[in-house]
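Student: Could you take me through this model? I would like to start with the ground rules.

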Amino acid sequence: MAQAAIELTGINKSFGAVRANRDINLEIARGTIHGIVGENGAGKSTLMSILYGFYQADSGEIRVGGKPASIKTPNDAIALGIGMVHQHFMLVDNFSVLENIILGAETDALLKSSIAKARSELDRLEREYGLEVDPDAIIEELPVGLQQRVEILKALYRGAEILILDEPTGVLTPAEADHLFRILRQLKEQGKTVVLITHKLREIMAITDTVSVMRQGTMVATRETRKTTVEELAELMVGRRVLLRVEKGDAEAGAVKLAVKNLTVRDSRGVTMVDDVSFDLRAGEIVGIAGVAGNGQSELLEAISGIRHAVSGSVMLEGKPIDLTGKADPGELRDRGLAHVPEDRHHVGLVLAFEENENSILGYHDDPRYLRGPFLNIDAIMADAKDKIEKYDIRPGNPRLKTANFSGGNQQKIVLAREIEQDPGVLIVGQPTRGVDVGAIEFIHKRLIAMRDQGKAVLVVSVELDEIRSLSDRILVMFAGRIVGERGPEATEGELGLLMAGVEHQEAAQ
Amino acid sequence: MDIFNAIIQVLDSTIRLSVPLLLACLAGLYSERAGIFDIGLEGKMLVGAFAGAAAASVFHSALIGLGMAVLISVAFALVHGFASITHRGNQIVSGVAINFVAAGSTIILGQAWFQQGGRTPALQPGERFEAIIWPGADAARDVPIIGPIYAELISGHSILVYFAFAMVPFTWWVLFRTRFGLRLRAVGENPAAVDTAGISVAWLRYRALICTGILTGFAGAYLSMVQNGGFVKDMTAGKGYIALAALIFAKWKPVNAMFACLLFGFLDAASIRLQGTPLPIVGKVSVQFMQALPYVLTVILLAGFIGKAIPPRAGGVPYVKER
Amino acid sequence: MSTPYAKLPAWADYGLIPLINLSVAFIVAGFVVMLVGENPFRAAVILVEGAFGKGTGIAFTLFYATTFIFTGLSVAVAAHCGLFNIGTEGQAYIAGLGIAIVCLSFDSTLPWWLTFPLAIVASALVGALWALIPAYLQAKRGSHIVITTIMFNFIAASIMVYLLVGPLKPAGSQAPQTRNFLAGAELPKLNWIIELFGAKIRSAPLNICFLLALAMAFLVWLLIWRTRLGYEMRTYGHSPKAARYAGISETRIIITAMMISGALAGMMALNPVMGDQHNVAIDFVSGAGFVGIAVALMGRLHPVGIVLAAILFGMLYQGGAELAFEMPAISRDMIVIIQGLVILFAGALEHMFRPYIQALFASFSPKSVGMQAVNGKGA
């Protein structure tokens, strides 16, 4: 085996009482692509941030290229040839590509020579790795895939020999992801070391040489990729055999509850995010919308739930139209039996600074049950909150506790309890289990299926293909704002993956 | 000819009145471009004015006065930094606090040290910055049109006036042509990008605030050592806020800042000139109306009726490393 | 977003930390006193004696506190909705116009108990309207409310100066103020309450507005924590996106909150105008709006805290006057410094001592801290 590019020994890191990393040992060979997988919150990003000098480990040793290294700031990491591509790009949006490249790596106090040097360097990198990008383009005008390329160029420009990528494909289409993987392979051939952090096992299998699995802050295993399987990695990640499919009977679809016709939505910049989308949602079925994040699913949900207004098209709820021209009032839609569990519970679905009981009425605070004239009926609100805590096993079971003090799974239960207990005819759910612990996932899935079995119409948007496949009675695939296909629950991952990549769509366009 | 002379005089006082605005406005530009809102320009100018006049009078030196003005003003800027950078406090609250401490302490200390009801002693020649007469200014005075322009508008100002106007291209150069400027603009837009590039966000923002302090020190020194022969309590009289308005009006750009300050300075000069004299068509314009005009214009700008003022994106938000 | 700090017991959060911050502010102020060559301890004694030593002092303290309760509540109501209303000063100033109109029109015909309610409505209305424009611009055009309210303070001052040296000034008078009101616009004093406790009062302006202020403090508490509107305001204040999701109209809630804030600021004018001076004069607000910021921050935006903080500042104002009398080197501007220091330490630097306090608590009982962090991580 080649010499180790990085060796970590006994790394520990705590945030307050949380032990994000405990006793991590890891060896990454030079000139390989090494994957690190784990669930959200397993400690992958923390570990890499320690390596990049963003945080300091409480204890442990880092060796880079065989020599002990003290990495206190990103500067130290850069000097040791470590570069990082963050999940959220670290770019200045209104700067040019060149300005972003030289930021922090300027040659001297004036910019002139730095810019000249960067221009010729970019030229070289473009030739060597096929990393094309217009050096004078402004970042915010570039598509996401190119922005990521700028991040990679930034690292290479600083002489990175070891490149860490944190969840790089989260925002990419499958085609863009493939392009990225080609680049990574090329980097490997040139002798660079690549560390890929992800929670997508398919990517691990596709591109890495070795893979390490993290769970709850510990490193549970390292395997050679070709000697392991997706099933083994999945089990290592969650620590027990996962029930990928929830038990459920066949759907008995009834009348149309929600009819979306030719819906088009633009974002604040005028970019079309939802493009002429039509579908029906019937009583007694779960329709899942699959797609890579950023293909218009979020905007679709927001338009249906009245948070975002649409440019054209119509949405009929129980046979009556929703006002899309102005801004529809989400409160009015609730009254008409449309409940919404939003994707972002931290900023949208909940007010984290509120007590639990206050969040249990958010959006229904104008319901006469919770009011006495203009005043809040505190007794009724508290009784109601206690009731939901019991029914949904929300822990800790204290309605006076600040919501920020609940775990992700319990926060999601607070939202679900609130929305489901209103007994809505239509429930739309964005990312039902994002950042939720495994135990709660099962609970949430069962609840959603129970809703369906009661004859409610349920619409689920998720970027987790497994979740879509195990929950849905029908699957719609969104790509670039359009619905590019409909499949039954028996559709294979590969089939859906092609649709999500927009393969058919692109062919039709050509 | 009378009208011509009147115009020259109004323009001359426009220049004099815009200088403190311009210095304070550029001062604000450094900190706001770095992502630190600064409504404490007023207070820093005030302590600068006080420290400048007090030191000049005690040490009989205009230069020592200026140095002291800058020093104290920078010290106040660092307090703002300590609260809003190191302790991630609310930048507006911190700015308000600085304005109060400045207003109170200049009066208390002034009274305690000089016993002239909050004034500092009148500055003697040598203790203040004198006007610089350019070569041939007196001779040229009688040349029609160009003469008065040269003699009144270009020549005959103190060194601080020329300094203020020189700071405009200099600031532009710093922002757009130097490493410091690139980083400063970056930290005001996306501090995380600066942090991951291995640059200290805090130190960079502190340096921006030091620039702010230096320039507000100059602005204060101009008020007490050029425009006036000594410190008078509350002598900034809202100029820090007008400078802030000018900064928004200028959309955080140095050259625009100069024009915004000249405009606001002109309004001030015109209101003094027009006091009581009726204008053709509009008749008598009240002083209060002219004084309120910069604020009204800024509100109209902020309302988006004349272009949109988009502040630096990270402005006002303390930088916290993401977990 | 959870706060980066772990939990502390409520008494430490709402009692100990503000107390420490306040003490530091006073210690720094003490250094300023030393700098001008006086003894800070003697100054403190004079200050407290001046404020509470005699009945007259207490009455003056409460008179000033009345003003600060209004402005503190004004700042707090806006803050609960996530808005920094720095325009309390201007809203109070311009409200003087409303009061002037009511008082000058009715003071010769109506008794005070009819003029007063009219003046309350007028002051609240004018204050609310002056807050309406910045609120509208924030809600509809995204103009930063801090900047627009600062601008509106200056515009208000210009208008009031224009009116008080012009239209509102009685003919032949030199002073820039309205004519003095007649008995029909003079509010009854409350000094008898203090005299009940045996104190003697010479003449002090404590008046019925004090009761109005306390009533408003109660109403604000009711509004914020017990009504649907308050719930909506707090939701918007914590998370505008959550408010949108919950069907709360951004425009309506911003405008409503700012108008309530402006109305409270406007009512502040009743106290000095009808309770004390009996005319509207130039600069009668004299910074009380800005004191409201300090009061609201110190009172941690809670009406009870605000009343207490207002009394503290009332004490500073009254005691400060005595201090200026006893120690000529210290004028009442000392209060402005203290005010600034309180805003600095209780506001901008409120978290400075928190980590130390937490470490201290953690060393006593490891369980009381860190809980938030445990659960916050999984999210």
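This is a predicted model: local features need pLDDT of at least 70, side-chain atom pairs count only at pLDDT 80 or more; totals for chains, interfaces and linings use all residues.

Student: At what angle do α2 and α10 of chain B pack?

Tutor: Helix α2(B) (residues 41-59) packs against helix α10(B) (residues 201-227) at about 55°, and their axes are 7 Å apart. Helices here are DSSP runs of H or I with at least four residues, numbered from the N terminus. Axes are lines fitted to C-alpha atoms over the stretch in contact, and angles run from 0 to 180 degrees between N-to-C directions.

Student: Which class of orientation do α2(B) and α10(B) have to each other?

Tutor: α2(B) and α10(B) are oblique to each other; angles under 35 degrees count as roughly parallel, over 145 as roughly antiparallel, 65 to 115 as roughly perpendicular and the rest as oblique.

Student: Which residues of α2(B) meet α10(B)?

Tutor: Among them are B:Leu41, B:Gly48, B:Phe50 and B:Ala56 in α2(B), and the α10(B) side includes B:Gly213, B:Ala219 and B:Met225. Contact requires C-beta atoms, placed from the backbone, to lie within 7 Å. By class, the contact of α2(B) with α10(B) has 12 nonpolar, 7 polar and 1 charged residues. Ala, Val, Leu, Ile, Met, Phe, Trp, Tyr, Cys and Pro count as nonpolar, Asp, Glu, Lys and Arg as charged, and the others, Gly among them, as polar.

Student: Changing topic, how many residues of chain C and chain B take part in their contact?

Tutor: Chain C contributes 41 residues and chain B contributes 36 residues. On the side of chain C that touches chain B, α15(C) gives the largest share, 11 residues. That side of chain C divides into 28 nonpolar, 10 polar and 3 charged residues.

Student: And why does A:Gly349 count as buried?

Tutor: A:Gly349 counts as buried because 27 C-beta neighbours lie inside 10 Å. The cut-off for buried is 20 or more other C-beta atoms within 10 Å, with 12 or fewer for exposed and partly exposed in between.

Student: Where is A:Gly349 placed, and what does A:Gly349 touch?

Tutor: A:Gly349 is in helix α11 (residues 345-349) of chain A. Not counting residues up to four places away in sequence, A:Gly349 touches A:Val341, A:Pro342, A:Asp344, A:Val415 and C:Tyr245.

Key
Residues are numbered from 1 along each chain as its sequence is written. Chains are lettered from A and ligands numbered from 1 in the order in which they are written. Helices (H or I, at least four residues) and strands (E, at least two) are DSSP runs, numbered from the N terminus. Two residues are in contact if their C-beta atoms, placed from the backbone, lie within 7 Å.
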